[in-house]
Amino acid sequence: MSEDDDRSPPLDLRCGAAPSINRARNCSGEAVSGSGSSTSSSIPASVPVTVTEYQSQYPDQVLEIVLENVLQFLTSRRDRNAASLVCKSWWRAEALTRSELFIGNCYAVSPDRARGRFRRVRSVVLKGKPRFADFNLMPPDWGAHFGPWVCVLANAYPWLEKVYLKRMSITDDDLALLAESFSGFKELTLVCCEGFGTCGLAFIASKCRQLRVLDLIETEVTDDEVDWISLFPEGETCLESLIFDCVDCAINFEALEKLVARSPFLRKLRLNRHVSIRQLYRLMVRAPQLTHLGTGKYGPSEVAQRQGDTEPDYIAAFAACKSLVCLSGFREITPDYLSAIYPVCANLTSLNFSYATITADQLKPVICNCHKLQIFWALDSICDEGLQAVAATCKELRELRVFPMNAQEDVEGPVSEVGLQAISEGCRKLQSILYFCQRMTNAAVIAMSSNCLELEVFRLCIMGRHRPDHATGEPMDEGFGAIVRNCRKLTRLAVSGLLTDRAFGYIGKYGKLIRTLSVAFAGDSDMGLKYVLEGCPKLQKLEIRDSPFGDAALRSGLHHYYNMRFLWMSSCRLTRQGCQEIAQAMPRLVVEVIRSDDEEETDNYVETLYMYRSLEGPRHDAPKFVTILR
């Protein structure tokens, strides 16, 4: 959102303006609707105007007309940001043609500033708290309130169609205002949000008559005992996606069944644990067109067991859903029912067993038919043997996530370097991995760096503090060093285990594309962090906890903090004086010192530091446990 000095357009652009206008306008007649409308004024066909005459009178207008039409085809926000920095004309034209607004930190810019620059926004992505809030490292009520934003959006963008919120605090009143303000509202996605209940969902369901997407993902929803499912409009709906697997309260199944039946465009449906497998069967019969399905509770209902009812033909129901490519859910699973999904395995590109406690023997009959699988999530209950089965079959795998059943540090985990090495040898197209384990070796990590050269995301979480290579007792430096050295496309890295400053030296030397780095229980001294801050020019997000980095390490990033979205450090070796120096040296950086609710403010030790760039300066809604240094 910065401006550059106004500069004249290059001569070749000015001389070729008129032909470019005509070609762009002819091409954009169909394309503009998908990327935002243009307000460029057209030249009346009945009034002949020569190129020279028009440019001599309105050179700036001609340039901006050309730019508006060209910029319609720029969809990447990074490309648009770069274009807006060329000069004032490009800055204005880019703002006029932007229909999608992405704000990675809700405190980096004010709602009024966004409204003042971007006038034709139809889609908003807004993110709030940093990721470590997911691990209870941030006190409740820290902030990230949606209220100020929705008030401005309601007045500024009456044609708004899409809202995506992540880690935001939302109230029922916010959702009510959202539902009442935008007559053509179509898509609402809430990820890791909190603060509202089924009452708020009722406003969305009843007021948004053109709603196509209502996705609630890992979001806390309070049970207000409001039957929100039954409030969708009568008649045929526009629903394409309905995800509520995180809503931990019972729903009106009869109303849900009727809703699914009158939603012919529904493609994605993810159910919560209160929907039984028998009810799932009834929904699948109603909606055989589904492509993405979250099963809810995947086991027999107690009522059916007591009454001795005959089980429906689940296999036939899945076989009839010939478009299914994504399966998830499987909560409270009864493994005997897994055979029902066999008919769809051959077409699956995504399979999520992260809520299913199944063994390797139970996984094998499923996974052996999943030759097209590209995304696989599972619990570590599948053991190394299950991962070996995945490696033997899923040659197209792009993303793997293995979560722990038991996250305690002092237990022997069921997955290890054996499973990781099997995946690296069998799934060479892998691009992203999140792997929780209790033990690991440098050799297995090095093998992955050699075999999976397309890796963009590598997150290895060795549970337990400062755990070395369990075969040699050496630090894990060489393994992570090989990842950053050999995986040239790496943009996200999470490190753990016993690591010395040598590992951070490798990251600083080779991690030139890394944008997100997460560090836990690692490092020797301030030099480790200094290597990263001085060596990773594209670093945007840095998360550090329980590591021996202090004030000297923090000062080493002064040259780079304005280019980062945020820095989070908790349980490190920071002092208040060191943080104060950063605040004084960088006035456009917001430096927050966060205490727990019961912790008294001290002059020395800083428990949690959260720093982020902002065009607005310190926020005005900071709670008492947050001190903003100036």
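Tutor: Let us begin with a definition: a residue is buried when its relative accessible area is under 20%, exposed when it is over 50%, and partly exposed in between, using a 1.4 Å probe and protein chains only. This is a predicted model, in which local features need pLDDT of at least 70 and side-chain atom pairs count only at pLDDT 80 or more, while totals for chains, interfaces and linings use all residues. Residues are numbered from 1 along each chain as its sequence is written, and side-chain values use heavy atoms, with hydrogens and water left out.

Student: Which residues are buried in helix α21?
Tutor: Helices (H or I, at least four residues) and strands (E, at least two) are DSSP runs, numbered from the N terminus, and α21 covers residues 526-535. Its buried residues pack against α20, β18, β19, α22 and β20, where contact means heavy atoms within 4.5 Å. The buried residues are Gly528, Leu529, Val532, Leu533 and Gly535.

Student: Does Gln438 count as buried or exposed?
Tutor: Gln438 lies in the loop between β15 and α18. Leaving aside neighbours within four places in sequence, Gln438 is in contact with several residues, among them Asn406, Glu412, Ile462 and Arg467. Because its relative accessibility is 4%, Gln438 counts as buried.

Student: How are α17 and α18 oriented to each other?
Tutor: Axes are lines fitted to C-alpha atoms, for helices over the stretch in contact, and angles run from 0 to 180 degrees between N-to-C directions. Helix α17 (residues 417-426) and helix α18 (residues 442-451) pack at an angle of about 15°, with their axes 9 Å apart. Angles under 35 degrees count as roughly parallel, over 145 as roughly antiparallel, 65 to 115 as roughly perpendicular and the rest as oblique. The two helices, α17 and α18, are therefore roughly parallel.

Student: And how are α19 and α20 oriented to each other?
Tutor: The axes of α19 (residues 477-486) and α20 come within 8 Å and cross at roughly 5°. The contact is made by Asp477, Glu478, Gly481, Val484 and Arg485 of α19 with Arg502, Ala503, Tyr506, Ile507 and Tyr510 of α20. From the angle it follows that α19 and α20 are therefore roughly parallel.

Student: What percentage of the residues in the protein is buried?
Tutor: The secondary structure comes to 23 helices and 23 strands. Of the 630 residues in the protein, the buried ones make up 54%.
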